[in-house]
Amino acid sequence: VFMFAGMSREDVEFIKVDNEYGEFRFVSSGDGDFVIDGYDSVPYDKNLFASLLNVTSYTLSKTKVGSGLSDEALDEYGLKEPQASWTVQSKSGKAYRVYVGDRLLTGGGYYCMFEGRRSVYVLGTEIENTVLVPIESYVTPVVCAGISKDDYYVTDKFTVYKDGELMLRIRLKDKKDQINVNAMAENIMDYPTAYIPDSTLYYDIIYSYMGLYADSCCKLGAGDEDFAAVGLDDPAHVITFEYKDYEFEIYFSALTDGKYYMYNNIYPNVIGVCNAEDFEYLEYDLIDWIDPYLFQQYVTNISDISVSCSSAAVDFKLYHGIDDSGNATLAVKANGEALPSASVDNFRRYYKTLLAFTAQDYCKYDEYCPLSEEELAALAENTEAADLTFSYTTLSGETTVFRFYRYSTRHSLVTVNGVGEFYTLTDLVKKIENDTVRLLDGEEIVAYDKD
């Protein structure tokens, strides 16, 4: 038995639901689709809406309980004070309203009544998940979307704030500054300094942002109180970046019971709930974002190298060419004097030594570090105190300076362009110093093997 004549999707103008959570409406957008009234651009669960459309516009009841019932009889079915109702209106202007009473004791459906009649029908259990829920059950909050798989790598100025402090910023390199000029893109940090980001981590995150949704919606139409209730009045984590002509801002709460609350500048009044397992990187420290090998350049990209330590001070000038067979050639001058060809091969092994040092961990967590954070910061500012300084200039004219400050027999603070908080192994620094002397003295260098 139908409570009223069924309507097709194309016939429906709007569906309005009233329940204990408030009121919401889905309105026809004129193109065969529907939007949430007042939130036209907010995405929602299409499958759940299709169920709502079926429940509300195709009211085929399981049975008719009775007609012309008294208030007392209606009260037995929970229809004297219904728990919810829905109104469906056709594009011709005809509206139908249905009230929802109690659930059957068997759990097999709900008692319902058509407005203006005192007849009770039994409709299916689908009402529970379509009519008796808040609008938030329909909303699928966007964490980030709109990035194409064809050029996601052009994302720029990727910035991470943690507890209100700027932690890092990753930018696109200019093509001329790339290590591999044939690569589609390369990145470098410009805050806190010129660290090389972990490209696997970085691109995994950006790739996920092509269409990333929260697990559920906490609040649609959120206000100040709603944000404060979930810790988003003062977000613990903020990620911003640029993609083409768009700027994205994503705000996350502190981790709470295994989940993060979030919103963004695309849908600033929608609070989503995210599973912590999908956002582990929010808890990462700076060192987790960087590639531990701090110096990464092909020798063919280098024009100048300078090394200064207690045992030697040398400026290398590199000259690149092509031989008759089309192979790259290298000539090197040390303090203005050309190295013989055999020494150039030795220089290539020396270059591998320069590539070998790594950021191991934070100095402040190092059991061998006797210095406070303030003393480490002061040390990093004192360029004269460096045990070894190594700088290089690329063919594009970009110069990077590394300085090493030994504070224990095992470990040395390493700075990049005057900024640093990580340590490297003192043995690696000593090898740079010793191999510099060997190269200048014409002694054979045993290349350092990263493995």
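Biologist: What is the strand order in the open sheet of nine strands, and what makes two strands count as a pair?

Modeller: The order is S22-S21-S20-S19-S24-S25-S26-S27-S23, and the pairing is antiparallel. Two strands pair if DSSP finds at least two bridges between them. The names come from DSSP runs, numbered from the N terminus: helices are H or I with at least four residues, strands are E with at least two. Keep in mind that this is a predicted model: local features need pLDDT of at least 70, side-chain atom pairs count only at pLDDT 80 or more, and totals for chains, interfaces and linings use all residues. Residues are numbered from 1 along each chain as its sequence is written, and side-chain values use heavy atoms, with hydrogens and water left out.

Biologist: Why is one side of S22 and of S23 left without a neighbour in the sheet?

Modeller: Strand S22 (337-338) and strand S23 (361-362) each have a single partner strand, so they stand at the edges.

Biologist: How do you know that S24 and S25 pair?

Modeller: Count the bridges: six of them join S24 (residues 388-394) to S25 (residues 399-406), and the two run antiparallel. With at least two needed, that makes them a pair. Tyr392, for one, stands opposite Thr400 in S25.

Biologist: What makes you say that helix H9 packs on this sheet?

Modeller: Contact, meaning heavy atoms within 4.5 Å. H9 (residues 426-441) touches several strands, including S19 (302-309), S24 and S27 (419-425). Its direction makes about 80° with that of S27; axes are lines fitted to C-alpha atoms (for helices, over the stretch in contact), and angles run from 0 to 180 degrees between N-to-C directions.

Biologist: Why is Asp257 called exposed and Asn335 partly exposed?

Modeller: Exposed means over 50% relative accessible area, buried under 20%, and partly exposed in between (1.4 Å probe, protein chains only). Asp257 has 75%, so it counts as exposed. Asn335 has 47%, so it is partly exposed.

Biologist: How do you know that S10 and S15 pair?

Modeller: They share five bridges in the antiparallel sense, and at least two are needed, so they qualify. Thr159 stands opposite Thr240 in S15. Both strands belong to an open antiparallel sheet of eight strands, ordered S12-S11-S10-S15-S16-S17-S18-S14.

Biologist: What is called a cavity, and how many of 30 Å³ or more turn up?

Modeller: On a 1 Å grid over the protein atoms alone, a cavity is a set of points where a 1.4 Å probe fits but cannot get out; lining residues have an atom within 4 Å of a point. Points are joined across faces, edges and corners, and the volume is the space filled by probe spheres set on them. The search finds two. The largest has about 60 Å³, and its lining includes Tyr161, His237 and Trp289.

Note on methods. 1 Å grid on protein atoms, 1.4 Å probe; cavity = no way out; pocket = protein on both sides within 12 Å on 5 of 7 lines; lining within 4 Å.
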